[in-house]
Amino acid sequence: MAKITKEAALLYHSQGKPGKIEVVPTKPYSTQTDLSLAYSPGVAEPCLEIEKNPQDAYKYTAKGNLVAVISNGTAVLGLGDIGALGGKPVMEGKGLLFKIYAGIDVFDIEVNEKDPDKFIEAVKAIAPTFGGINLEDIKAPECFEIERRLKEELDIPVMHDDQHGTAIISSAGLLNALEVAGKKIENVKIVVNGAGASATSCTKLYESLGARRENILMLDSKGVITSDRENLTEQKRYFATERRDVHTLAEAIKGADVFLGLSKGNVLTQDMVRSMADHPIVFALANPTPEISYEDAMAARPDVLMSTGRSDYPNQINNVIGFPYIFRGALDTQAKAINEEMKIAAVHAIANLAKQPVPDVVNEVYHVNNFTFGPEYFIPKPVDPRLITEVSCAVARAAMESGVARKNIEDWDAYKLQLRELMGYESKLTRQLYDTARRNPQRVVFAEGIHPNMLKAAVEAKAEGICHPIILGNDEAIEKLAKELDLSLEGIEIVNLRHPDEAPRRERYARILSEKRAREGATYEEANDKMFERNYFGMMMVETGEADAFITGLYTKYSNTIKVAKEVIGIRPEYKHFGTMHILNSKKGTFFLADTLINRHPNAATLIDIAKLSEHTVRFFNHTPVMAMLSYSNFGADKEGSPVSVHEAVDYMQQNYPELAIDGEMQVNFAMNREMRDAKYPFTRLKGKDVNTLIFPNLSSANSAYKLLQAMDTDAELIGPIQMGLNKPIHFTDFESSVRDIVNITAVAVIDAIVDKKKAGK
């Protein structure tokens with residue numbers, strides 16, 4: 001983790017628009033009609049509906065997706081009582097986390113009031129605005145009474161995250177750490193160093209999960225909390241022990257199985273860790289300095305199972321794994337509360353997630369090959385995209401089963417899809433591709449089987465049910481790599497094309513190819529040599545019908561792949577060129593970009609083929625093409641260079657395809673701005689239409705454009721390159737594509753193969 005300086009932190013919060021969150025309109029507002037609907041007089045209608053039925057506030061306002069993060073600044077993030085205004089940056093930060101992890105909008109509310117009764121009244125007064133309330137950074141013991149009263153007196157979810165967030169995440173970690181250690185929660189001895197809001201909440205939740213109170217010792221700044229101590233708070237009295245022979249942390253921890261630290265740094269020594277039971281579990285959660293460092297704990301006891309609150313060590317106890325998704329599930333069921341059942345459901349959902357295979361996106365973020373359940377990984381990582389579906393669904397289901405939900409979820413698969421689309425993890429187009437491919441999975445050859453991403457993609461595509469993978473490469477090397485990545489190759493065919501057993505097939509492929517290209521100078525001997533190359537061999541598998549589609553390009557030069565594709569598969573007879581397209585799914589809609597990979601310097605004839613191929617491909621994806629052919633000039637303004645070729649291609653397309661919405665040449669801004677285009681060029685065939693297909697004048701501009709969009713818009717999804725114009729489903733990946741990108745291309749290749757077979761009457 002990079003060192004954070006004071007200057008960097010202050011600059012982050014102040015540069016550009018100060019702060020970290022803003023309000024963004026969700027409805028149109030550009031016309032007078034829009035404004036009349038948004039405010040007076042149209043706004044009166046939903047007001048009257050809500051007056052008749054208050055639950056309609058969830059239907060007509062943002063209440064159902066709006067959480068208040070409320071604090072009085074009395075216990076701010078290790079800084080103590082710095083006041084309500086001093087804590088505002090933290091509350092904004094909490095709002096940011098709600099938004100980026102669960103799509104929940106937040107107003108941060110800083111209440112300048114320390115009196116619990118007055119604070120409670122203030123919160124109650126503004127509660128109708130919100131679908132839920134997250135209490136934050138309120139000191140103990142007042143926080144207990146504030147949360148208890150608000151939960152009793154309000155009919156929306158209220159949670160003090162400092163208490164319950166850490167409790168939920170650490171409980172999930174504890175269940176899994178105990179499983180790794182081979183211990184049962186009802187038998188282990190637990191030492192809790194700290195007796196504040198978080199410590200007592202954690203320990204009570206452990207007890208709900210099976211821990212026995214007689215096996216728990218809790219310490220505060222004075223030592224072990226014993227029942228003979230005077231002036232104990234209600235919370236401390238609950239965990240006070242009858243034992244009189246233990247007073248210090250060193251005495252309490254001897255023979256203990258679990259240490260939970262929510263106190264201060266460097267209070268747990270190596271000798272104390274050595275005195276613990278076998279396979280000790282140490283949760284040193286003081287931040288930023290843990291009760292004992294990871295390095296010291298591991299040096300003291302190599303068998304220790306260690307968690308901290310820091311992201312630079314394994315098994316981080318991070319509240320962001322819980323609170324966004326707990327509120328997501330509560331809001332989506334319009335729950336009246338966040339109860340114990342919902343919290344325990346979140347615990348088990350988080351714990352179970354750590355035992356499942358880890359998505360590639362998580363491994364990439366942490367620069368590892370593969371996380372697997374065990375001592376170094378028993379808590380999911382905060383970036384795991386499955387948290388929103390697994391935890392939110394578990395919480396929503398518990399809300400319904402425990403009777404606090406006012407809205408039931410009927411279709412859980414649809415709800416999961418809705419959550420994934422909300423966060424941009426999946427688009428409707430991607431889901432349609434997968435669903436279509438899954439109905440009729442095809443045999444897909446993956447050329448570069450020794451590349452980790454290609455191997456992972458083949459395994460994932462099989463798991464998704466979209467294809468029957470065939471991997472090319474050395475079988476021993478592939479099996480070794482799969483073992484390193486903890487991948488199962490069950491049901492996946494591996495073809496070692498260089499193995500002597502494949503000699504008859506290589507020879508057969510060579511005869512077929514040499515006969516096919518005999519009048520182009522091809523010889524059998526030359527073709528036989530080529531069959532030792534994976535692109536030739538794999539494409540011949542498709543050409544002969546021994547496979548249905550082929551994926552390549554992860555580290556192969558495009559120039560070589562294009563040459564082989566033309567030679568082995570050939571271009572469809574109605575075209576002289578083939579090309580590729582990328583699909584961009586963004587908040588502004590779906591856009592199709594071509595040619596992004598194949599034709600470097602297209603002339604008019606090439607651009608005509610690209611336009612015709614693009615029109616066919618856009619319709620293939622169930623969209624009506626509205627096509628702009630791009631250049632740096634508009635409609636004949638420049639009489640030299642590439643604009644001339646584009647102009648000629650547009651002229652041909654308009655004459656021969658009079659019903660097709662296509663025009664150009666035009667600059668990108670006119671293509672993308674309908675009002676400006678229609679006002680400046682009223683003669684255009686695209687008048688009144690929004691462009692969804694962009695044909696670029698050359699490869700450099702197309703390739704740069706889609707990669708720039710990919711780099712600039714992290715929320716957008718890019719699918720491609722999608723091959724257009726070859727006789728059979730040969731598809732290319734981008735150089736060093738991610739696993740998800742390869743799986744997306746695989747789905748496209750499968751659908752391409754399905755359509756190809758239907759055309760052939762197979």
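The largest cavity in this predicted model holds about 30 Å³ of space, and a search of the whole structure finds one cavity of 30 Å³ or more. As for what surrounds that space, the lining of the largest cavity consists of Tyr294, Met298, Val304, Leu305, Met306, Asn315, Pro375 and Glu376. Sorted by class, these lining residues are six nonpolar, one polar and one charged. Two elements each supply at least two residues of this lining, namely helix H13, which spans 294–300, and strand E10, which spans 305–308. For anyone wondering how such a space is found at all, rolling a probe the size of a water molecule over the atoms shows where empty space is left.

Let me step back to the chain as a whole. There are 31 helices and 21 strands in the chain, and its C-alpha atoms fill a box of roughly 100 × 75 × 50 Å when that box is taken along the principal axes. Of the 762 residues in the chain, 53% are buried. If we consider the contacts between residues at least 6 apart in sequence, 69% of them join residues that are at least 24 apart.

Now to the sheets, and I will begin with the one made of six strands. This is an open sheet with mixed pairing, and the order of its strands is E18-E17-E19-E16-E15-E20. At its edges are strand E18, residues 661–666, and strand E20, residues 717–724, each of which pairs on one side only. From one strand to the next, the twist averages 20°. Helix H26, residues 604–620, packs on this sheet and touches E15, E16, E17, E18, E19 and E20, with a direction that makes about 155° with that of E17. A further helix, H30, covering residues 699–712, lies across E15, E16 and E20 and runs at about 150° to E16. Within the sheet, strand E16, residues 589–594, and strand E19, residues 693–695, pair in the parallel sense over three bridges, and in that pairing Leu593 has Leu694 of E19 as its bridge partner.

The next sheet is open as well, with four strands in the order E2-E1-E3-E4 and parallel pairing. Its edge strands are E2, residues 105–110, and E4, residues 158–160, and each of these pairs on one side only. Direction ignored, neighbouring strands of this sheet are turned by 20° against each other on average. Strand E3, residues 132–135, pairs with E4 in the parallel sense over three bridges, and here Asn134 stands opposite Met159 in E4. Helix H14, residues 323–332, packs on this sheet, where it touches E1, E3 and E4, and its direction makes about 160° with that of E3.

I would also like to look at strand E14, residues 549–552, and ask which of its residues point one way and which the other. Ala549 and Ile551 point one way, Phe550 and Thr552 point the other way, and all are buried. Strand E14 pairs in the parallel sense with strand E11, residues 442–446, over three bridges, and the partner in E14 of Phe446 is Ile551. E14 also pairs in the parallel sense over three bridges with strand E21, residues 730–732, where the bridge partner of Phe550 is Ile730.

Leaving aside its neighbours within four places in sequence, Ile478 is in contact with Gly449, Ile450, Leu455, Ile471, Leu472, Gly473, Leu489 and Ile494. Ile478 and Val188, by contrast, are 290 residues apart in sequence and 43 Å apart in space, C-alpha to C-alpha.

The other residue is Leu417, whose place is in helix H18, residues 412–422. Leu417 has a relative accessible area of 26% and is therefore partly exposed, since that class lies between the buried limit of 20% and the exposed limit of 50%. Between the C-alpha atoms of Leu417 and Thr389, which are 28 residues apart along the chain, the separation is 8.4 Å.

Conventions. Residues numbered from 1 in each chain as written. Predicted model: local features only at pLDDT ≥ 70, side-chain atom pairs only at ≥ 80, totals over all residues. Heavy atoms only, no water. Pairing = 2+ DSSP bridges. Axes fitted to C-alpha atoms, helices over the stretch in contact; angles between N-to-C directions. Contact = heavy atoms within 4.5 Å. 1 Å grid on protein atoms, 1.4 Å probe; cavity = no way out; pocket = protein on both sides within 12 Å on 5 of 7 lines; lining within 4 Å. Points joined across faces, edges and corners; volume = space filled by probe spheres on them. Nonpolar A, V, L, I, M, F, W, Y, C, P; charged D, E, K, R; others polar. Buried < 20%, exposed > 50% of the residue type's maximum accessible area, 1.4 Å probe, protein only.
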